[in-house]
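Hi everyone, thanks for making time this morning.

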Number of protein chains: 2
Amino acid sequence: MTLNSISTPAAIIDTARMRANIRRMQERMNGLGVAFRPHVKTAKSLPVTEAQLAAGAKGITVSTLKEAEQFFASGITDITYAVGMAAAKLPQALRLMRQGCELKIITDSLESARAIAAFGKENNADFAVLIEIDTDGHRSGVLPDAPDLADIAAALKGGGTLSGVLTHAGSSYDLSERAALEAMAEQERSGCVHAAERLRAAGFACPMVSVGSTPTALCAKALPGVTEVRAGVYVFFDLVMHNVGVCTKDDIALSVLTTVIGHQKEKGWAIVDAGWMAMSRDRGTARHGTDFGYGQVCDLSGAPLPGYIISSANQEHGIVSLAQGTDGHIAERFPVGTLLRVLPNHACATGAQFPEYHALAADGGTQVWPRFYGW
Amino acid sequence: MTLNSISTPAAIIDTARMRANIRRMQERMNGLGVAFRPHVKTAKSLPVTEAQLAAGAKGITVSTLKEAEQFFASGITDITYAVGMAAAKLPQALRLMRQGCELKIITDSLESARAIAAFGKENNADFAVLIEIDTDGHRSGVLPDAPDLADIAAALKGGGTLSGVLTHAGSSYDLSERAALEAMAEQERSGCVHAAERLRAAGFACPMVSVGSTPTALCAKALPGVTEVRAGVYVFFDLVMHNVGVCTKDDIALSVLTTVIGHQKEKGWAIVDAGWMAMSRDRGTARHGTDFGYGQVCDLSGAPLPGYIISSANQEHGIVSLAQGTDGHIAERFPVGTLLRVLPNHACATGAQFPEYHALAADGGTQVWPRFYGW
């Protein structure tokens with residue numbers, strides 16, 4: 001198969017770009033002297049994860065237990081489930097452990113730690129647990145200086161063992177200046193290491209110190225005290241990461257192949273068959289200096305067509321137009337039947353709309369890489 | 001199964017509400033003397049469509065040929081594919097027709113009509129084609145007074161036959177005043193009927209005059225000249241339709257079941273396991289008078305908890321908070337493990353995130369209704 005024979009809309013992975021992105025991150029982590037544990041929620045596709053592991057990654061991070069089950073079934077055993085553990089999901093986690101999965105789960109409260117300990121004790125199990133640390137105020141986690149930090153670790157006793165601490169400075173997505181990104185990476189590192197040191201002072205081994213987001217991983221200058229870094233979206237990159245400043249458009253490995261199906265000539269619109277069902281509703285660049293609408297339009301080779309974006313989207317219709325001004329020759333420029341490729345705002349969200357990727361090799365051939373969804 | 005035994009996040013259909021929504025729309029169409037052809041893109045689930053047909057719907061509307069294939073495989077033959085036909089998809093459409101599907105396709109340009117005619121002629125096929133009319137300027141279609149309207153119909157000759165005209169006044173989603181909605185319904189009707197009359201005057205039979213969107217279908221006062229109405233989201237309704245003013249929160253049949261997994265007490269946040277992967281990235285109420293964030297939070301019975309919304313979302317994390325002010329007692333109000341239900345901004349987008357629905361009966365029992373996705 002080639003791009004010309006694929007039914008549109010379709011999710012295309014430029015495999016050369018993907019491998020370069022994987023190499024760049026792994027070499028950076030090797031240079032910083034830390035292990036790298038990719039977050040596989042971005043692609044949810046085995047060939048992508050296999051490429052990450054082949055490049056040197058140690059274990060994976062997942063956002064759902066379904067991801068853990070799917071990747072464990074493919075032979076990957078070292079898995080961190082990086083969403084606060086709900087007690088109702090402990091039986092599902094235990095099933096994985098009993099099958100041989102080295103699953104690590106996370107908690108950020110006494111209530112949750114006690115629920116893990118109680119369920120572990122009841123089932124004669126010892127859960128490996130990381131305490132989630134809040135280093136940037138954007139979501140979950142306990143503060144590095146939280147008075148109850150050691151109490152949470154202690155509460156695990158009898159059904160769980162503290163494996164370490166974990167943090168994710170997701171607010172790095174809102175930055176775009178190198179100095180601010182470096183400062184955020186240091187804030188993420190120092191907060192998490194400080195929490196680990198407090199736990200060690202309280203008598204817990206706390207072997208793992210796990211930090212990361214794509215922007216901070218790519219901007220950290222040094223990572224003393226950190227044992228591993230996690231990042232996900234770097235594998236494809238996207239327009240949000242472009243605006244943050246950690247990739248160029250030429251690094252973006254995921255695009256949506258689409259067909260021109262009509263025009264509104266007076267308005268300078270070409271209508272394409274990639275609507276929000278294909279691009280996702282993610283408008284992550286709306287708050288940035290450069291708003292790409294629902295995506296940056298490229299030609300079939302993947303070269304960006306400056307100024308052309310998907311400016312509006314319905315379920316199965318996208319409107320391609322100039323971000324500024326009106327193209328009076330849109331119908332001649334993009335005749336009905338023209339194939340275009342569109343770079344997404346957010347690769348994690350766009351990928352999730354598709355049951356499969358078409359992996360595009362340097363010779364123009366494609367093969368299907370399945371992906372899964374749901375919980 | 002009951003709601004308490006379902007793994008979260010999960011998409012829940014309140015079947016009593018769904019049946020009431022179906023009844024309301026069908027009775028309205030019966031009263032207006034028009035056929036009703038539901039748009040099945042909202043649910044993509046056979047039991048939902050079967051309920052619509054059992055209530056009196058005639059045929060279905062689809063947004064992808066995959067939907068056409070799936071529903072045709074279930075025995076539904078009268079299908080309109082309401083997205084401008086791409087020439088590359090004609091072989092797929094022809095396969096359906098050869099198997100006995102009464103497929104109708106649409107065009108809004110001479111180029112596309114000629115491509116249909118050429119392919120039809122080449123394959124000794126006669127495509128049933130509707131011309132898409134642009135009655136509100138929001139997307140595709142030719143204007144009711146377009147000089148080339150009859151030329152498009154004529155261009156079909158040899159490989160296609162004009163079945164009629166079709167329009168969708170999607171800009172009705174941006175309205176909220178009853179009088180404006182009634183006026184938009186009349187604009188949609190009169191524009192489409194005018195196009196049909198022009199085609200008839202030019203010698204084409206133009207038997208079908210197909211109009212509709214959920215808001216205009218529910219607000220039209222009379223539909224002379226119209227033969228059928230299409231609408232999709234009414235089957236579930238959602239917060240956008242609530243803000244448009246065509247349903248109450250108590251009509252919304254789709255919700256996302258979620259579990260509280262943590263808190264940031266000082267900020268008045270409860271963290272739930274429904275992030276944007278569950279809710280979708282649709283922020284359709286952001287431009288309305290009442291912005292529900294990523295959804296209206298309800299208790300397990302489905303009763304809205306006034307003021308509580310998902311104010312922010314990451315992939316698998318939602319932040320529940322008051323839309324205004326801070327709840328200093330959020331952890332006591334929603335302890336870790338609490339099950340909540342969240343009404344979505346846009347049912348079509350939220351449903352699409354899930355491989356299956358859990359259909360909730362009046363007695364509290366649930367059963368799985370599969371749904372499909374992709375193209």
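This is a predicted model: local features need pLDDT of at least 70, side-chain atom pairs count only at pLDDT 80 or more; totals for chains, interfaces and linings use all residues.

Now, helix packing in chain A. Helix H1 of chain A covers residues 15–32, helix H2 of chain A covers residues 46–54, and their axes come within 9 Å and cross at roughly 40°. H1(A) and H2(A) are therefore oblique to each other. As for handedness, the crossing of H1(A) and H2(A) is right-handed. Which residues make the contact? From H1(A) we have Met18(A), Arg19(A) and Ile22(A), and from H2(A) they are met by Val48(A), Ala51(A) and Gln52(A).

Let's hop over to chain B for another pair. Here helix H4, residues 90–98, packs on helix H5, residues 110–122, at an angle of about 55°, and the axes of these two chain B helices are 11 Å apart. That angle makes H4(B) oblique to H5(B). H4(B) and H5(B) also cross in a right-handed way. On the H4(B) side the contact uses Leu90(B), Pro91(B) and Leu94(B), while H5(B) brings Ala115(B), Ile116(B) and Phe119(B). The contact of H4(B) with H5(B) has six nonpolar residues, no polar and no charged.

Zooming out, how is chain B placed relative to chain A? A rotation of 180°, with 0.0 Å of shift along the axis, superposes chain B on chain A with an RMSD of 0.0 Å. The two copies are thus related as by a two-fold rotation axis. In chain B, which C-alpha is nearest the axis? It belongs to Arg281(B), at 2.4 Å from the axis. And 100% of the interface residues of chain B are also interface residues in chain A, so the copies meet through the same surface.

Last, chain A as a whole. Chain A holds twelve helices and 17 strands. Its radius of gyration is 22 Å, close to the 21 Å that the globule rule gives for 375 residues, so chain A is as compact as a globular protein of that length. Along its principal axes, the C-alpha trace of chain A spans about 70 × 45 × 35 Å.

Thanks, everyone!

Definitions and conventions. Residues are numbered from 1 along each chain as its sequence is written. Chains are lettered from A and ligands numbered from 1 in the order in which they are written. Side-chain values use heavy atoms; hydrogens and water are left out. Axes are lines fitted to C-alpha atoms, for helices over the stretch in contact, and angles run from 0 to 180 degrees between N-to-C directions. Helices (H or I, at least four residues) and strands (E, at least two) are DSSP runs, numbered from the N terminus. Angles under 35 degrees count as roughly parallel, over 145 as roughly antiparallel, 65 to 115 as roughly perpendicular and the rest as oblique. A crossing is left-handed if the near helix is turned anticlockwise from the far one by less than a right angle, and right-handed if clockwise. Contact means heavy atoms within 4.5 Å. Ala, Val, Leu, Ile, Met, Phe, Trp, Tyr, Cys and Pro count as nonpolar, Asp, Glu, Lys and Arg as charged, and the others, Gly among them, as polar. Copies are superposed by least squares on the C-alpha atoms of residues with pLDDT of at least 70 in both. The radius of gyration is taken over C-alpha atoms; the globule rule is 2.2 Å times the number of residues to the power 0.38.
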